[in-house]
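Dear colleague,

Please find below the structure that I am handing over to you. My notes on what was found in it follow.

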Amino acid sequence: MPIQVTLPNGDKKSFDAPVTAADVARSIGPGLAKSALACKIDGEARDLSTLIDRDCSLAIIAAPKPGQQASPDALYVMRHSAAHVMAEAIQDVVGKDVLLAYGPPTETGFFYDMFVPEGKKISSDQFEAINARMAEIIGADRPFTRYEAASEEGLSKLRAEGNKYKVDNAERALGRPPSVYTGAKSGSQQEAPRAGPSSLLSFYATGAPGKDWEDLCRGPHVPSTGRIGAARVTSLASSYWHGDENSDRLTRVYGTAFPTQAELDAYLRQLEESRARDHRVIGRHLRLFHIDEEVGQGLILWTPNGSIVRKELQTFIADELRKQGYTEVFTPHIGRLELYKTSGHFPYYKDSQFAPIVERDDLARLAGEGCSCAEMMRRVEGVSGHFRDVMNERTRAQTIAPERVIPDAQLVSGFLLKPMNCPHHAKIFASAPHSYRDMPVRLAEFGTVYRWEQSGELNGMTRVRGFTQDDAHLFCTEDQIPAEVQGCLSLVRVIFNTLGMKDYRVRVGMRDPSADKYTGTKENWDKAEAACLAAAESLGVPFTREPGEAAFYGPKIDFVVKDVIGREWQLGTVQVDYNMAIRFDLSYIGPDNRPHRPVVIHRAPFGSMERFCGVLIEHFAGAFPAWLSPQQARVLPISEKTNDYAQRVLAALHAAGVRARVDTGSDRIQGKIKAAADEKVPYLLVVGPRDAEQNAVSVRVRGQEKDLGAMPLGLFVERLGAEIRERRAHLSVTP
RNA sequence: GCCACCGUAGCUCAGUGGUAGAGCACUCCCUUGGUAAGGGAGAGGUCACGGGUUCAAGUCCCGUUGGUGGCUCCA
């Protein structure tokens, strides 16, 4: 009976007898046979040597042609194989008693978790030896040989090797309850095996089974080690068995692999480049911001230079907002706890907020009553029966769980550092009556919010505990949603274009059709999602639909920007919210003279000033366009003889509003140029007797390694002024 | 939060139990110069903080604090 194999292009091939995937590849063409690494049978990744004995669809996973990028599947298989090679190399270099646990490919490479016996250690000093050994194994071009063992046979083999991690992996693969893994936090949290149980265990030898190095592994792998291309161990970290902190601590060794040495080198160069651009390093060097342990973790002190960058960005946005009919508001950093109970932020986000602030008198009274800490929290977090009735009535649902209600006499009030700006803005909206003629109401604020990030999550300016959102809330009628979402997106486009971030994409978070956790009616959701999709489409940039990624109160649009070295950053969002107006009982008077619910759009194109500035620092590597530069020009007198003229040049720059300084130090001109270049000053104006005589400046532009010649001072000031006013992304003033 | 590593001058870092160092930056002096570091001198430290071991601690041990990396993507 013939076997029919369907190829990705729809072609069908028939075979009279079972064939391997490699055979099929050979029948398609010798080139494909040669470049084949693995295959997908009915969508499942398998070895090339897999025997095909039934009808199926087959895709060959091939190495990239020279000059082409490898497919994700090809990289995945190659890196999985490289993980084996690295593990073998480590066992050779460090010792055979290093126990292997878990070694999957990742997005940028692979890792292998291993247990290192007492007294031994894997250190970065050994990387060179490990890399050399890996190169040897790859050079030897040994075949990856799969063999299978019946469950008992395989398990006893693993037990004999004394590797409990592999025994555990095997038991999971077989769908059995684990016998050796005892670290789980609780029995009920035990993960079920993700694949259906199988009755066989598979092993891969790098060479001949029983003779060469081997590992329990589900595969697939490339045909032989020589097909890996270039691989390298990159870093060390620690991890837990199954990511469970109560379980054994393992050493995680990271590595990466690419089809060619050139691609590996390019990747390593990019890592190098990323390190050089690190906003924490550049931020210190250029004195843009400071984090002080005495002030607190994750709290940014904006130093004068960084404050200029931030202030320029804020002015830029504020200018655009004015054009779009926004009005600016200011609100405090703190609000009553009840406010956030109404908005639902508390206790929903309780764990990521700073603890409530309870007044001293209340604390004293509770302490006097002998209140325990837990009891105090219960009273702070509880709500009154009246509150429950009002909220449940407004939302027409059991929004407030009965167990949250406590007797009024026990309620303890307090304040919360604000985790979001929307409740304050909702209250501003509610503070005056609104006619449909006034809608939409657009309230904007650079609002500072505070969130409790775990200490391990903090990172420079990009993950912080206090940050300022370029926030706004648009209170609009339902009909206005499409136009308002459009307006938000065009604002984002102006911002990205001005900053030269041309490469960005959009994710539209939609509701998961099968889930029922969302508020609002189906009709409203359909309209809002359609508006978001239409708006995303109109941007003319790539966008994806992300079902299940919507907020519970409405769909959202996220922006992902690619910086100059190709890294992606998730920045601002636009979110449509049906929920907030209900919870705060907001309304406007419609043409029918009756109250109607507004819809709220939350939007923050930068996300937060802290994070955005951090990203910008890395994007520009500290070399900001002139309009953002803390210092836009520096005057460099050739010698003290021209100090007076230099001061006149400086005065002219200051008079035109240019941020400039003069370097009257005792260095020679070479030294002054070097110093200014280190500080990434956009324009250097060298002035000597020749220039003074002609009322000119000799211009040197950042990034260009030569003197561009002299130009009249007045002309320079005029052109630089225009460049700054127009917020040009590139330095454009030349003689 | 948990684990590993780390914390020495403003910055980058050396210093394996015996008198705290270098380069850059800073101040002063010499040099008065034409496009990516001229020369010299000086100042600058409770070696993160607290405890311990030792005749002796930046160095070894314990604790605290802060930073960095990491905390599964079916073996």
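Strand β32 and strand β33 (residues 710–712) are paired in the antiparallel sense over three bridges; two strands count as paired if DSSP finds at least two bridges between them. Within this pairing, Ala696 has Pro712 of β33 as its bridge partner. Strand β31 (residues 683–687) is also joined to β32, by four bridges, and the two run antiparallel. Here Leu685 lies opposite Val699 in β32. Strand β32 itself (residues 696–701) is mostly covered, with five of its six residues buried (20 or more other C-beta atoms within 10 Å of a residue's own, the C-beta atoms being placed from the backbone). Helices (H or I, at least four residues) and strands (E, at least two) are DSSP runs, numbered from the N terminus.

Please note that this is a predicted model, in which local features need pLDDT of at least 70 and side-chain atom pairs count only at pLDDT 80 or more, while totals for chains, interfaces and linings use all residues. Residues are numbered from 1 along each chain as its sequence is written, and chains are lettered from A and ligands numbered from 1 in the order in which they are written.

Ten bridges pair β13 with strand β14 (residues 249–258) in the antiparallel sense, and Ala230 stands opposite Phe258 in β14.

**Helices α3 and α4**

The axes of helix α3 (residues 72–93) and helix α4 (residues 127–140) come within 8 Å and cross at roughly 125 degrees. Axes are lines fitted to C-alpha atoms, for helices over the stretch in contact, and angles run from 0 to 180 degrees between N-to-C directions. Residues in the contact (C-beta atoms, placed from the backbone, within 7 Å) include Val85 and Met86 of α3 and Ile137 and Ile138 of α4.

Yours sincerely

How values were computed
Two residues are in contact if their C-beta atoms, placed from the backbone, lie within 7 Å. A residue is buried if 20 or more other C-beta atoms lie within 10 Å of its own, exposed if 12 or fewer, and partly exposed in between; C-beta atoms are placed from the backbone.
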